[in-house]
Amino acid sequence: MKTRITELFGIQHPIIQGGMHFVGLAELASAVSNAGGLGLITGLTQRTPEDLAAEIARCKTMTDKPFGVNLTFLPSVTPPDYPGYVRAIIDSGVKAVETAGNNPVKWMPMLKEAGIKVIHKCTSVRHALKAESIGCDAISVDGFECGGHPGEDDVPNFILLPRAAEELKIPFVASGGMADARSLVAALAMGADGMNMGTRFMATVEAPIHDNVKQAIVAATELDTRLVMRSLRNTERVMVNAGVDRLIEKEKALGSALKFEDIIGEVAGVYPAVMQKGEMDAGAWSCGMVAGLIHDIPTCKDLIDRIMAEATQIIRGRLEGMLAD
Ligand SMILES: Cc1cc2nc3c(=O)[nH]c(=O)nc-3n(C[C@H](O)[C@H](O)[C@H](O)COP(=O)(O)O)c2cc1C
């Protein structure tokens, strides 16, 4: 399949693996890229710019295909060394960056100068237009279904994607709720040039996370995510568990008086506990509603090959077959 996204990133299939904290390590990024998609290393999971440079170097030993780095700009008490991370990416020769969170305007001149293609992930048409205006090459349009931070507008992809198609000139991929060939074909029909998947790629053989997490995703239904931190305007869609139940109880009890410090026990340090040690009740970890569509743990290659083969069947068989002569 050839789309503006495959052309932009020099990849075989229009499928991107979104940045995921403590999941997007070299094992997963290289597996997705080797399978013909675009794998992404999650920049901030690496504690220092030097660690990120080492992780990129490690990924290069595992694939000779293009891969990228996710750089997330979220509000934080002590901001990470962003200039250092950007420098590490540029010096490594990586040519694709997924930005997310705040507007990446400050970093655009450096990234563009280095010939890096920037795909900005955002949850609204207005933020997508802003990203287009500052020179981003593509957008990852993240609908309300998504795992992670869906923003505060609550617009699902059946509306958000065609709205993005109405307004954007640059290509975009559909993100949030994407799992299989049906997702891909629907996304293309709504004007996207590909799709970005997060949760689906966690339940793969190569995802370097504890098996408990993969099994929890397979066991979960579309009803098993919760939105937390709404009152802090930092909404996150997470997998329900005992830690999340505790967090929600605190949110109910404290209402608008809730402060980040009140829930720090359920959100800070949770990722290493869950992803590395498999402590499933540790607290809030991002997970999409798409868990309800995930029933197996294939290799990234089997997953992507299956999606592309079934997409052809849907387009050539099901859809074309519906057209009257
Ligand atoms: C466990 C997990 C961690 C994530 N961490 C990040 C992150 O650090 N930065 C980011 O931009 N997006 C992050 N995301 C969002 C994904 O990149 C992607 O946009 C999202 O998962 C898409 O929705 P889906 O899960 O329905 O596929 C994370 C998602 C998950 C499931």
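This briefing walks through a sheet, a helix, a ligand shell and a few single residues of one structure. The model is predicted, and local features are described only at pLDDT of at least 70, side-chain atom pairs only at pLDDT 80 or more, while totals for chains, interfaces and linings use all residues. Residues are numbered from 1 along each chain as its sequence is written. Helices (H or I, at least four residues) and strands (E, at least two) are DSSP runs, numbered from the N terminus.

- Eight strands form an open sheet with parallel pairing, in the order 1-8-7-6-5-4-3-2, where two strands pair if DSSP finds at least two bridges between them.
- Strand 1 and strand 2 (39-42) are the edge strands, each of which pairs on one side only.
- Neighbouring strands of this sheet are turned against each other by 30° on average, with direction ignored; the axes behind this angle are lines fitted to C-alpha atoms, for helices over the stretch in contact, and angles run from 0 to 180 degrees between N-to-C directions.
- Strand 4 (residues 96-101) and strand 5 run parallel and are joined by five bridges, and Glu98 stands opposite Ile119 in strand 5.
- Strand 5 (residues 117-122) is mostly covered, since five of its six residues are buried; a residue is buried if 20 or more other C-beta atoms lie within 10 Å of its own, exposed if 12 or fewer, and partly exposed in between, with C-beta atoms placed from the backbone.
- Strand 6 (residues 138-142) and strand 7 (residues 172-175) also run parallel, with four bridges joining them, and Ser140 stands opposite Val173 in strand 7.

**Helix 11**

- The 13 residues of helix 11 (residues 242-254) should span 18 Å at 1.5 Å a residue, and its end C-alpha atoms are 19 Å apart, which agrees; the expected span is 1.5 Å times one less than the number of residues.
- The buried residues of helix 11 are Gly243, Val244, Leu247 and Glu251.
- On the face of helix 11 turned away from its buried side are the exposed residues Ala242, Asp245, Glu249, Lys252 and Ala253.

**The shell around the ligand**

- The ligand is surrounded by 29 residues, of which the closest are Gly18, Ala100, Gly147, Gly198 and Gly288; a residue is near a molecule if its C-beta atom, placed from the backbone, lies within 6 Å of it.
- At least two residues of this shell come from each of strand 3 (67-73), strand 8 (195-197) and helix 9 (199-202).

**Single residues**

- Most residues other than glycine have a negative phi.
- Phe22, although not a glycine, has a positive phi of about 65°, and it is found in the loop between strand 1 (15-17) and helix 2 (26-34).
- Phe22 is partly exposed, with 19 other C-beta atoms within 10 Å.
- Arg233, also not a glycine, has a positive phi of about 55° and sits in the loop between strand 9 (225-228) and strand 10 (236-239).
- Arg233 counts as exposed because it has 9 C-beta neighbours inside 10 Å.
- Ile264, in helix 12 (residues 264-267), counts as exposed with 11 C-beta neighbours inside 10 Å.
- Ile264 and Gly283 are 19 residues apart in sequence and 9.7 Å apart in space, C-alpha to C-alpha.
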